[in-house]
Amino acid sequence: MSLPKGLAEDVSKNLVMVARLIDEDPEAAYAYSKIALRLASRVAAVREAAGFAAYANQKYSEALAEFRAARRMTGSVDLWPVMADCERGLGRPEKALEMAGAAEVHKLDKAGQVEMRLVAAGARRDMDQLDAAIVTLQSPELASNSVQPWTARLRYAYADALLAAGREGEAREWFAKALESDKDGSTDASDRLAEMDGVEFVDAFVEDDDDDEVDAETAVDDEVEPQNDVSVVDELDDEDEDDDIEDEDDDEDDDEVEAVAETKEDVVKEDVLLKEDDEDDEDDDKN
């Protein structure tokens with residue numbers, strides 16, 4: 001609202017693309033966020049969107065800077081949990097735990113408090129404090145039978161922590177509870193349960209494709225008979241060789257006929273010459 005109309009439209013279009021692409025194509029979303037940031041860096045919504053786009057691409061330092069800027073502009077504490085998670089991403093779990101105990105947490109709504117609990121449990125696991133992570137997740141929200149937007153993720157994190165601690169029976173129970181409350185497929189609880197039960201999924205479409213390839217190869221083999229083709233070629237080659245042999249024989253016969261003819265001609269010439277010599281001799285005797 002603080003921007004001129006034309007500029008406001010351009011910025012809003014880029015923010016819409018960030019929201020559309022951030023889950024499917026984080027890099028593209030990040031690119032759109034940079035355009036919006038270049039156009040309107042003093043708008044809190046732009047700084048927040050840029051922070052989430054950087055966060056989705058694991059650019060935690062950049063994301064933290066954008067979230068801090070947005071918080072300064074609005075004075076809101078809503079970004080406090082994700083800011084703490086950026087500290088985890090930067091390898092500073094102690095800082096994340098410090099933020100989990102800050103006064104800002106009490107200003108968060110229920111969803112924000114649950115998110116902060118998830119971040120704190122993750123920080124405990126980063127520090128190899130599995131038992132502390134399990135205790136951190138044990139809360140009234142976890143024990144509640146009501147299903148809220150955060151319920152599946154909270155139960156899933158608790159199950160995962162139990163499994164990491166070697167408590168497989170309890171972990172399976174909570175993975176099942178997470179799957180029961182996961183209405184929008186935000187977790188892979190079903191896959192984790194199948195993995196624990198030793199169930200292996202096979203892609204039927206892949207097998208069908210393989211079978212089709214085999215059938216196609218078989219059809220080609222049945223249609224084309226390489227051995228018969230080779231025999232035909234061999235027969236043609238044999239016929240060509242026979243023709244060559246016959247041609248050679250004909251050439252030899254022609255050569256022999258020519259040789260005989262030349263021999264006969266030479267003999268006739270010799271006879272004529274001898275007769276002429278004899279006649280000359282007789283004339284000489286008479287004289």
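This is a predicted model: local features need pLDDT of at least 70, side-chain atom pairs count only at pLDDT 80 or more; totals for chains, interfaces and linings use all residues.

Q: What makes the set of residues around F67, L79 and W80 a nonpolar core?

A: A nonpolar core is a set of buried residues of nonpolar types joined through side-chain atoms within 4.5 Å. The largest such core has 28 residues, and those with the most contacts inside it are F67, L79, W80, M83, A84, L108 and M116. It is therefore called a core because its members are buried and joined in this way.

Q: Which helices supply at least two residues of this core?

A: They are α1 (5–21), α2 (26–39), α3 (44–56), α4 (60–74), α5 (80–89), α6 (93–100) and α7 (110–126). The largest share, five residues, comes from α5.

Q: Where does another core lie, and how many residues does it have?

A: Another core, of 20 residues, lies apart from the largest one; L142, Y156, Y158 and W174 are among its residues.

Q: With which residues is F67 in contact, leaving aside its neighbours within four places in sequence?

A: F67 is in contact with E48, G51, F52, Y55, L79, V82, M83 and C86. These count as contacts because heavy atoms lie within 4.5 Å.

Q: Which residues are the closest to the centre of the largest pocket?

A: The largest pocket has a volume of about 800 Å³. Of the 33 residues that line it, Y55, E115, L118, V119 and R153 are the closest to its centre. The elements that give two or more residues to this lining are α3, α4, α5, α7 and α10 (151–164), and α7 gives the most, with nine residues.

Q: How do the residues of the lining of the largest pocket divide by class?

A: The lining has 19 nonpolar, four polar and 10 charged residues.

Q: What lines the second largest pocket?

A: This pocket has a volume of about 220 Å³. Of its 13 lining residues, A100, V105, Q113, M116 and R117 are the closest to its centre. Both α7 and α9 (140–143) supply at least two residues of the lining, with α7 giving the most, six residues. By class, the lining has six nonpolar, four polar and three charged residues.

Q: How many of the 287 residues, as a percentage, count as buried?

A: Of the 287 residues of the protein chain, 28% count as buried, which means that their relative accessible area is under 20%.

Definitions and conventions
Residues are numbered from 1 along each chain as its sequence is written. Side-chain values use heavy atoms; hydrogens and water are left out. Buried means under 20% relative accessible area, exposed over 50%, partly exposed in between (1.4 Å probe, protein chains only). Helices (H or I, at least four residues) and strands (E, at least two) are DSSP runs, numbered from the N terminus. On a 1 Å grid over the protein atoms alone, a cavity is a set of points where a 1.4 Å probe fits but cannot get out, and a pocket is an open set with protein on both sides within 12 Å along at least five of seven lines; lining residues have an atom within 4 Å of a point. Grid points are joined across faces, edges and corners, and a volume is the space filled by probe spheres set on the points. Ala, Val, Leu, Ile, Met, Phe, Trp, Tyr, Cys and Pro count as nonpolar, Asp, Glu, Lys and Arg as charged, and the others, Gly among them, as polar.
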